[in-house]
Amino acid sequence: KNVDFKLIFNKKFITLIISSIFFLFVLFLSIPGLYDLGRVQKVLSEDINKEINLNISLSPDIEYRIFPQPYFQIKNAKIFYDQSGVNNEIAEIKNLKVFIKISNFFNKDNIHIKKMGIYNANFFIKNDTIKFIRLFFTENFPKKKIFIKKSKLFFNDSSDNTIFIHTIDKSKFENLTKNKSQ
C-alpha cells in the first residue's frame with residue numbers, strides 16, 4: 001500500500017510540473033500581446049522594408065495571435081514601389097500575417113520576421129511596375145518565406161484600364177539560395 005501512495009504522488013507531481021511548464025510557455029508566447037501597437041506598427045514596417053525588401057504601409061488595426069504559431073495580423077496594408085522619387089501603389093492587402101521568431105520576445109524594438117502571409121490582396125501590375133517586380137524576384141528577394149492566398153493580379157494598361165485578371169488561390173515564394181550566416 002505504501003508503494004501505491006508514492007506512485008500516485010509521483011503522477012500528480014509530474015502532472016503539476018508538465019502543466020506548469022505548458023502554462024509558462026503560453027505566458028511567454030503572449031508577451032508580444034503586451035507591446036504598444038503603435039510601436040509594433042512602426043517596427044514591423046521597418047523590418048518588412050529591411051528584411052523583405054518591400055515598402056509597406058501598415059494600418060493601426062493590428063492584432064497579436066499565438067496559435068498555430070506567433071504572428072501579428074494586420075488589416076488593410078499597402079505595398080508601394082519607388083518610381084522617380086514618387087511612391088506608387090502596387091498592392092492593397094486586406095489581411096497580412098507577419099509570423100515572428102520566438103527567440104527575442106523580450107525586445108519589443110527588434111522583432112524578427114520568420115515569414116509573411118498575404119491574404120485577400122489585389123496586386124496592380126502595369127508596364128512601369130514590371131522592372132520593380134523583376135528586380136524583386138531576381139536581385140532583392142528576401143531570405144524569408146512569403147505566401148499569397150485568395151488574391152488577384154490586375155494587369156493594367158498605361159491608362160489604368162484592366163486588361164487581364166488572374167486569381168491566386170495559393171502560392172508560396174521562397175529564396176532557395178543557401179545563406180551560410182543563417
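Is Lys126 buried, exposed or partly exposed? Lys126 is partly exposed, with a relative accessible area of 26%; buried means under 20% relative accessible area, exposed over 50% and partly exposed in between, with a 1.4 Å probe and protein chains only.

The views show a predicted model, in which local features need pLDDT of at least 70 and side-chain atom pairs count only at pLDDT 80 or more, while totals for chains, interfaces and linings use all residues. Residues are numbered from 1 along each chain as its sequence is written, and side-chain values use heavy atoms, with hydrogens and water left out.

**View A. Salt bridge between Lys126 and Asp160.** The side chains meet at 2.9 Å, N to O; a salt bridge is a side-chain nitrogen of Lys or Arg within 4 Å of a carboxyl oxygen of Asp or Glu. Lys126 lies in the loop between strand 5 (113-125) and helix 3, and Asp160 in the loop between strand 6 and strand 7 (162-173), so the pair ties together parts that are 34 residues apart in sequence. Helices (H or I, at least four residues) and strands (E, at least two) are DSSP runs, numbered from the N terminus. Asp160 is partly exposed, at 46% relative accessibility.

**View B. Salt bridge between Glu51 and Lys144.** The N to O distance is 3.5 Å. Because Glu51 belongs to helix 2 (residues 37-51) and Lys144 to the loop between helix 3 and strand 6 (145-156), the bridge ties together parts that are 93 residues apart in sequence. Glu51 counts as buried at 17% relative accessibility, and Lys144 counts as buried at 10%.

**View C. Salt bridge between Lys172 and Glu174.** The closest N and O atoms are 4.0 Å apart. Lys172 is exposed, with a relative accessible area of 58%, whereas Glu174 is partly exposed at 34%. The structure holds six salt bridges.

**View D. Aromatic pairs of Phe136.** A search of the whole structure finds 12 aromatic pairs. Rings of Phe, Tyr and Trp (its six-membered ring) pair if their centres lie within 6.5 Å; planes under 30 degrees apart count as stacked, over 60 as edge-to-face and the rest as tilted. The ring centres of Phe132 and Phe136 are 6.4 Å apart and the planes are at 25 degrees, so this pair is stacked. The two residues are four apart in helix 3 (residues 130-138), which means a separation of about one helical turn. Phe132 is partly exposed at 22% relative accessibility, while Phe136 is buried at 8%. Phe136 also pairs with Phe141, edge-to-face, at 5.5 Å centre to centre and 70 degrees between the planes. Phe141 is buried, with a relative accessible area of 12%. Tyr81, Phe132, Phe136, Phe137, Phe141 and Phe173 form one aromatic cluster.

**View E. Lysines over the rings of Tyr119 and Phe99.** The charged end of Lys97 sits over the ring of Tyr119, 4.7 Å from its centre. A charge sits over a ring if NZ of Lys or CZ of Arg is within 6 Å of the ring centre and within 35 degrees of the ring normal. Lys115 lies over the face of Phe99, at 5.1 Å from the ring centre.

**View F. Surroundings of Asn95.** Asn95 is in strand 4 (residues 86-100) and is buried, with a relative accessible area of 13%. Not counting residues up to four places away in sequence, Asn95 touches Gln73, Ile74, Lys75, Gly117, Ile118 and Tyr119; contact means heavy atoms within 4.5 Å.
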